[in-house]
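Welcome! Please open the structure in your viewer and keep the sequence panel beside it.

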Amino acid sequence: MSASIDYNKYEAVIGLEVHAQLLTQSKLFTSDSAAFGGLPNTHISPITLGHPGTLPFLNKKAVELAVRLGFACHCEIERENFFARKNYFYPDLPKGYQISQHTAPICIGGHVPIFTEGNSRNIRLNRIHLEEDAGKSIHDLDPQNTMVDYNRAGVPLVEIVTEPDLHTSDEAYAYLTEMRRLVRWLDVCDGNMEEGSMRCDANISIRLKGDTSLGTKVEVKNMNSIRNVKRAIDNEIKRQIELVEGGERIVQETRSFDASNGSSFPLRSKEEANDYRYFPEPDLAPFRITEAYLDEVRATLPELPEEMLARYTQQLGLPEYDARVICDDKATAVYFEALINATPHHKAAANWILGPVKSWLNEQNAGMEAFPLTPTSLAALIALIADGKVNFSIASSRILPAMITAPDKDPLAIATELNLLQDNDAGNILPVIEEVLAKYPGKVAEFKAGKKGLIGLFVGEVMKLSAGKADPKLTNELLMKRLNS
């Protein structure tokens, strides 16, 4: 049946809910450890388990991290805040309810920019709110019973909810990539989807292109990577279109994605807000955010990726591609920032980061934090090239590896010891040029007949015979003068 369906006449409408685990040492309402891992049920206390007579108390660091993220996402920060109880009964929720913000999210509105197919646009946010995480049900340790680990119960989360602004899985992929970069950049969350510290649920509906009304939405959960979110969205869009085309009704429900076969299956009918019987949390007093506190948090914000990108392209004149790759990773951006403060050769600095440095990191399967050279050392190597003492090829293939082996050693000293300093003496280069031209009389004739592109061949041969030591610029000038004489 699917072969006859015109999938292109439909448009998907997608909203995403991202849960990001905050980088606090303790849980949202107790001093229990919020660290990942640990033996099951060791990061717990009577407060985590909701024992009678225990009272929660708010983690101030979690509030600060939520406000940081709100500023970065251009949100309005709610001054008057309180928590609510969200009631549902599930084995991994020890109290029988979750403490969450419902009526008054700490961050309202805002947007996150995404970049797809050469175009940039803003994805609107509905809210960012604070809540505690649930525990973890484990179904594969015992054939008869489900095990429950409450270590994660009570860990602080922010839930970041978009408006239904996304229409393709590619846009969802770009949004999640940007959100993961942002929470890592701000040190709000480590963004590790495999460990569950960042999780995403997708609300998906379809409609005919041109329609403005929203269709029946289906929520898809349990996606442990950005790639699997993309796969799940594509699968759900296709499933819904085929249901409609087959004359069936789309049911509002929550489905789970099976990454092993790329399909989904129903979990339960989708709850509405009134199913959770929200009411203000009686054990926690409301909290007020002052203007002075907002000024303090705002002062701690680093330069954001989009601001850094604009500065690199507009002030430094870097190509947008170079600037985007550098700003994709905070550690790389921090290193590059120190590098451009140590050298005036900004484009050369970008070329080194995106070329030899990135290649070495890829070979080591490591991040920028593992690169052994300081920005000052790399700047000294760039200066050698700018001063005409070595060429880029020699610097990247010979001197850089030697510097990595001995990070404290000066690149000029290495170049001298290895006899790699560039030869700027025309008297030494001219005999090599004559040898090359004598070797290729036919090519010389073709050059003189108008095939000027052959100059690259001659320069390459001179460089080869001189073991890379001939100054390429001087070699080019001497060759042109000799060939045109």
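This is a predicted model: local features need pLDDT of at least 70, side-chain atom pairs count only at pLDDT 80 or more; totals for chains, interfaces and linings use all residues.

**Stop 1: the whole chain.** Colour by secondary structure, and you will have 15 helices and 17 strands to explore in the protein chain. With a radius of gyration of 30 Å, well over the 23 Å that the globule rule gives for 485 residues, the protein chain is more spread out than a compact globule. Turn the view along the principal axes: the C-alpha trace spans about 95 × 60 × 50 Å.

**Stop 2: inside the chain.** Now switch to a surface view. Of the 485 residues, 47% count as buried. Among contacts with a separation of 6 or more, 68% are between residues 24 or more positions apart.

**Stop 3: two crossing helices.** Next, select residues 426–439, which form helix H12, and residues 455–465, which form helix H14. Their axes come within 9 Å and cross at roughly 120°, an angle that makes H12 oblique to H14. The crossing of H12 past H14 is right-handed.

**Stop 4: where they touch.** On H12, pick Ile 429, Val 432, Ile 433, Glu 435, Val 436, Leu 437 and Lys 439, which make the contact with H14. Their partners on H14 are Phe 458, Glu 461, Val 462 and Leu 465. What kinds of residues make up this contact of H12 with H14? Colour by residue type to find out: eight are nonpolar, three are charged and none is polar.

Key. Residues are numbered from 1 along each chain as its sequence is written. Side-chain values use heavy atoms; hydrogens and water are left out. Axes are lines fitted to C-alpha atoms, for helices over the stretch in contact, and angles run from 0 to 180 degrees between N-to-C directions. Helices (H or I, at least four residues) and strands (E, at least two) are DSSP runs, numbered from the N terminus. Angles under 35 degrees count as roughly parallel, over 145 as roughly antiparallel, 65 to 115 as roughly perpendicular and the rest as oblique. A crossing is left-handed if the near helix is turned anticlockwise from the far one by less than a right angle, and right-handed if clockwise. Contact means heavy atoms within 4.5 Å. Ala, Val, Leu, Ile, Met, Phe, Trp, Tyr, Cys and Pro count as nonpolar, Asp, Glu, Lys and Arg as charged, and the others, Gly among them, as polar. The radius of gyration is taken over C-alpha atoms; the globule rule is 2.2 Å times the number of residues to the power 0.38. Buried means under 20% relative accessible area, exposed over 50%, partly exposed in between (1.4 Å probe, protein chains only).
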